[in-house]
Structures are given as structure tokens and as C-alpha cells.
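Here is a note for a colleague who has not looked at this structure before. The points are numbered and can be taken in order.

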Amino acid sequence: IEQSKEADICLVVGDKMSNNCQSLKKIVEKENNIKTYLIESPIDLEKIDLKNVNVVAVTSGASTPKEIVDRVIQRLKEI
């Protein structure tokens, strides 16, 4: 929640069926009033309009493999 306070959007990386990830998304949206997306892979970034986004907060569910989070971050850097 603290990390996302300065962000334009927040990405929660994890399984869309995970209660943990869904709760994390809802909490960030409610507490910081920013658009938050639950994504499962870098491919999901293609569905998000990042044109006017300067700062992206990235977090993940407890069971999300670090490798997937790293790939999402790498793709954001490329964009």
C-alpha cells in the first residue's frame, strides 16, 4: 500500500483465482484510490493503456513465482 501511494497505477501479479491477489488488488484500490490491475503474465500488459502512466507500482501474491514478477518488470522497462 505504501509503495503504491506515489504511483499512477498498480499491478498485482498473480493468479486471478487467488483470494490473496484479489484482496490485495481491492485493498490497494481502496486505500490509495488508484487504478489497480490483477495480471498473470507480461502478456496481460498489452491490455492496459500505459500512455499517460509515469510510475507503476508492482506487487504480487504470496505464491507468485519471482520469475513471473521479474518478467513483468522487464516488459514494463521495455515499454
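1. The buried residues of α2 pack against β1, β2 and β3. Contact here means heavy atoms within 4.5 Å. Helices (H or I, at least four residues) and strands (E, at least two) are DSSP runs, numbered from the N terminus. The buried residues in question are V69, V72 and L76. Buried means under 20% relative accessible area, exposed over 50%, and partly exposed in between (1.4 Å probe, protein chains only). Seen down the axis of α2, these buried residues fall within an arc of 60 degrees, so they line one face of the helix. The arc is that of the directions from the helix axis to the C-beta atoms. On the other side of α2, the exposed residues are K66, E67, K77 and E78.

2. A note on the source: this is a predicted model, in which local features need pLDDT of at least 70 and side-chain atom pairs count only at pLDDT 80 or more, while totals for chains, interfaces and linings use all residues. Residues are numbered from 1 along each chain as its sequence is written, and side-chain values use heavy atoms, with hydrogens and water left out.

3. The overall layout is as follows. The protein has two helices and three strands, and along the sequence they follow the pattern β-α-β-β-α. The C-alpha trace spans about 30 × 25 × 20 Å along its principal axes. For 79 residues, a compact globule would have a radius of gyration near 12 Å, and the 11 Å of the protein agrees with this. That radius is taken over C-alpha atoms, and the globule rule is 2.2 Å times the number of residues to the power 0.38. Buried residues make up 38% of the 79 residues. Among contacts between residues at least 6 apart in sequence, 75% join residues at least 24 apart.

4. The helix α1 covers residues 19-32. With 14 residues, α1 reaches 20 Å from its first C-alpha to its last, close to the 20 Å expected at 1.5 Å a residue. The expected span is 1.5 Å times one less than the number of residues in the helix. For α2, with 13 residues, the reach is 18 Å, close to the 18 Å expected. Which residues of α1 are buried? They are C21, V28 and N32. They cover an arc of only 35 degrees around the axis, which puts them on the same side of α1. What covers them includes β1 and β2. The face of α1 turned away from its buried side carries the exposed residues N19, K26 and K30.

5. Next, the nonpolar cores. A nonpolar core is a set of buried Ala, Val, Leu, Ile, Met, Phe, Trp, Tyr and Cys residues joined through side-chain atoms within 4.5 Å. The largest has 12 residues, among them I9, L11, V13, I39, V69, V72 and L76. Two or more of its residues come from each of β1 (9-13) and α2 (66-78). A second, separate core of five residues includes A7, V28, I34 and A57. In soluble globular proteins, nonpolar side chains tend to be buried together. Leaving aside neighbours within four places in sequence, V13 is in contact with residues including C21, I39, V58, V69 and V72.

6. The structure holds six salt bridges. A salt bridge is a side-chain nitrogen of Lys or Arg within 4 Å of a carboxyl oxygen of Asp or Glu. One of them joins E46 and R75, with the closest N and O atoms 3.2 Å apart. E46 lies in the loop between β2 (35-39) and β3 (56-60) and R75 in helix α2, so the pair ties together parts that are 29 residues apart in sequence. E46 is exposed, at 54% relative accessible area, and R75 is partly exposed, at 26%.

7. R75 also meets E78 in a salt bridge (3.2 Å, N to O). E78 and R75 are three residues apart in helix α2, about one helical turn. E78 is exposed, at 52% relative accessibility. Salt bridges that share partners join E46, R75 and E78 into one network.

8. Another salt bridge pairs D70 with K66, with the closest N and O atoms 2.7 Å apart. Both lie in helix α2, four residues apart, about one turn of the helix. D70 is partly exposed, at 36% relative accessibility, whereas K66 is exposed, at 60%.
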